[in-house]
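Here is a friendly briefing to read alongside the coordinates. Please have the viewer open and follow the topics in turn.

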Amino acid sequence: MKLNELQSLDDANVVGTYARLPLQIVRGAGSWVWDENDAQYLDLLCGISVTNLGHCHPKVVDAIRDQALTLIHASNLFYTEPGIRLAERLSASSLGGKVIFGNSGAEAVEAAIKCARRAKPGGEIVTLENAFHGRTYGALSATHQESKQAPFAPMIPGFKASAVSVEAIEQAVGADTAAVIIEPIQGEGGVHPIPGEVLQAARAACDLHGAALIFDEVQTGMGRTGTLWAYQATGVTPDAITTSKALGGGLPIGALITGERLGAALQRGDHGSTFAAGPVVAEAALAALSVTDDEYLLGRVNMVGERLRGAIAEMPGVSEVRGRGLMIGFDIDAGDAPGMVNAAIAQQRLLMNATGPNTVRLLPPLTIDDDEVAEAITRVASALADHAAHS
Ligand SMILES: Cc1ncc(COP(=O)(O)O)c(C=O)c1O
């Protein structure tokens, strides 16, 4: 089907909650995707940090195919091995406690909120300004953005936003606080790393008041920032982390990984999900984890990230570059980042994303090779030059 026909079909049949970019993607391999005319595009977005290992990684494809031929679904009324092995693997790679599975990032955040409230009944949830935690009611209540919350008011009571500073955190957290939820690097908010002293202040305040410190690693996790989990580079250990996006190698799954304390909060019957950690997605996640949790790959993520950030910082029209590993944001002087991203598809065959009027975000595959990095630098520079010429 041609793009214009698909757009009409979409308009007629799908509730229009997305501002889709003008491209139909029909297939992908590694760092590349193709449209319906077989034109090839360099993908520096990875479906918003989902296809971290590139499109159709052979280990993930094999795991999905093998499991689909064996058992697709049984429900959590029964024992199935892949999901339970995945929980063991996630726990061993991070906080050593237990895991609650769901199907998305928002559901992982919901599980975090429920755990924290179960551990401290009625307790308040403190989040940071400019944060994004998802679109379900609990996750949306944790996302203090007027434009996203106002149409759906009232929000769930007991949520409070703190400014991103040591003093503000110390003031916001008190005896009534059940949890503080923080993205170690705010992704949707424009790739803003939270300063180490703010994370440390949050840890200290949570310890002082018996609250849980939860890092939302839905976007930063699974190697994106150059360590398997972003918290591992901060020197601050949270009580739980959320993960989703890249966890399933492209299939939908979310998880709350707890440490010792929070893992004991929920009891039988407190939570559940029909599909959570079904055999196919769990095998895909085990395959994705086995490729990602690799010293060489993570070392390359740091090296390539430095190379890309260094090159972009030198480009005319760029005022600031932020991020860690291959989670990169940069601000452009000319403004209209959405316009630049849109034009880059047609003119440079390049996929990126705008997180705001001035900010472009890159979430390239962790497996991107050196030639592709050079190509990425050329295309980003050309997209900036095209944009400057038309502004
Ligand atoms: C940090 C963070 N938390 C939660 C979510 C929500 O994830 P999902 O869209 O899978 O519900 C996102 C999505 O972008 C995110 O970046």
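Strand β17 is covered on both faces: Thr-359 and Arg-361 on one side, and Val-360 and Leu-362 on the other, are all buried. Buried here means that 20 or more other C-beta atoms, placed from the backbone, lie within 10 Å of the residue's own; exposed means 12 or fewer, and partly exposed is in between. Strands (E, at least two residues) and helices (H or I, at least four) are DSSP runs numbered from the N terminus.

A word on the source: this is a predicted model, in which local features need pLDDT of at least 70, side-chain atom pairs count only at pLDDT 80 or more, and totals for chains, interfaces and linings use all residues. Residues are numbered from 1 along each chain as its sequence is written.

**Around β17**

- Two strands pair if DSSP finds at least two bridges between them.
- Strand β14 (residues 327–332) is joined to β17 by 4 bridges, and the two run antiparallel; Asp-331 stands opposite Thr-359 there.
- β16 is also antiparallel to β17, with 2 bridges, and Asn-353 stands opposite Arg-361.
- A hairpin of 4 residues links β16 to β17.
- Pro-357 sits in the loop between β16 (353–354) and β17 (359–362).
- Why does Pro-357 count as exposed? Pro-357 is classed that way because it has 12 C-beta neighbours inside 10 Å.
- Leaving aside residues up to four places away in sequence, Pro-357 touches Gly-335, Asp-336 and Ala-337, where contact means C-beta atoms, placed from the backbone, within 7 Å.
- Pro-357 and Asp-336 are 21 residues apart along the chain, with their C-alpha atoms separated by 5.2 Å.

**Other strands**

- β4 (residues 99–102) has both faces covered too: Val-99 and Phe-101 are buried on one side, Ile-100 and Gly-102 on the other.
- In a regular strand, side chains alternate between the two faces of the sheet.
- Strand β12 (residues 254–258) runs antiparallel to β4, with 4 bridges between them; Phe-101 stands opposite Ala-255.
- An open sheet of 4 strands has the order β1-β2-β3-β15, with mixed pairing; its edge strands, β1 (27–29) and β15 (350–351), each pair on one side only.
- Within that sheet, β3 (residues 40–43) and β15 run parallel through 2 bridges, and Asp-43 stands opposite Leu-351.

**The ligand shell**

- Which residues are closest to the ligand? They are Ser-104, Gly-105, Ala-106, Gly-134 and Val-218, out of 14 residues that surround it; a residue is near a molecule if its C-beta atom, placed from the backbone, lies within 6 Å of it.
- Helix α5 (residues 105–119) gives the most to this shell, with 3 residues.
- The shell has 4 nonpolar, 7 polar and 3 charged residues, with Ala, Val, Leu, Ile, Met, Phe, Trp, Tyr, Cys and Pro counted as nonpolar, Asp, Glu, Lys and Arg as charged, and the others, Gly among them, as polar.

**Domains and overall fold**

- The protein is divided into domain 1 (58–292) and domain 2 (295–367 + 382–391), with bounds from an automatic or database domain assignment.
- The domain centres, taken over C-alpha atoms, are 27 Å apart.
- 17 residues of domain 1 are in contact with 19 of domain 2; the domain 1 side has 5 nonpolar, 10 polar and 2 charged residues.
- The secondary structure comes to 14 helices and 17 strands.
- Of the 391 residues, 48% count as buried.
- The C-alpha trace spans about 55 × 55 × 45 Å along its principal axes.

How values were computed. Two residues are in contact if their C-beta atoms, placed from the backbone, lie within 7 Å.
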